[in-house]
Amino acid sequence: MADQIDAMDRKILGELQRDASQSLDEIARKVGSSKTPVWNRIRKMKEAGVIGQQTVILDPESLGLETCFFVLVKTSAHEAGWQEKFLKVLKKRPEVLEAHRLAGEIDYILKVRVKNARAYDAFYQALIKEVTIYNVTALLSMEEIKSTTELPL
């Protein structure tokens with residue numbers, strides 16, 4: 001589908017990334033088109049999977065989730081059963097905002113958002129209780145320099 005996205009689609013996607021709550025009229029005006037063609041393009045991109053879930057971005061600090069940790073996980077178990085269990089545990093933990101399987105010395109990196117260090121420790125204790133992990137390193141984010149959901153178009 002990427003090769004079928006033209007300049008107008010990219011303009012529409014850019015507007016949606018900046019503010020998906022804009023009306024169709026607003027988006028159409030900003031991209032230099034009319035409402036119906038914009039709606040048709042959006043519908044086609046949704047059907048093709050280019051546009052996924054529409055959501056709201058919340059401010060974690062306003063909700064008391066002031067602490068962000070990046071958790072580096074090494075495992076000595078590389079069997080499918082261990083991985084399935086680990087992924088199942090991660091998916092049910094609301095503190096885990098992102099989880100990535102990596103190439104290299106670290107097997108997984110998690111982005112974990114919690115209230116404070118004590119809350120992180122509770123998360124960590126629950127994690128190691130459910131799944132065996134060889135080594136865990138937690139890195140406290142001192143300051144968020146940049147965070148965006150906008151993809152470069």
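**Exercise 1.** Against which helices do the buried residues of α1 pack?

*Solution.* The model is predicted: local features need pLDDT of at least 70, side-chain atom pairs count only at pLDDT 80 or more, and totals for chains, interfaces and linings use all residues. Residues are numbered from 1 along each chain as its sequence is written, and side-chain values use heavy atoms, with hydrogens and water left out.

Step 1. List its buried residues (under 20% relative accessible area, 1.4 Å probe, protein chains only): Met8, Asp9, Ile12, Leu13, Gly14, Glu15 and Leu16.

Step 2. Identify the partners: these buried residues pack against α2 (24-31) and α3 (35-47), where contact means heavy atoms within 4.5 Å.

**Exercise 2.** Determine the order of the strands in the open sheet, and state which stand at its edges.

*Solution.* Step 1. The 4 strands follow the order β2-β3-β1-β4, with antiparallel pairing; two strands pair if DSSP finds at least two bridges between them.

Step 1. β2 (96-101) and β4 each have a single partner strand, so they stand at the edges, and one side of each lacks a neighbour in the sheet.

Step 2. Lysine 74 has asparagine 135 of β4 as its bridge partner.

**Exercise 3.** Is proline 152 buried or exposed?

*Solution.* Step 1. Proline 152 lies in the segment after β4 (135-140).

Step 1. Its relative accessible area is 79%; the cut-off for exposed is over 50%. Proline 152 is therefore exposed.

Note on methods:
Helices (H or I, at least four residues) and strands (E, at least two) are DSSP runs, numbered from the N terminus.
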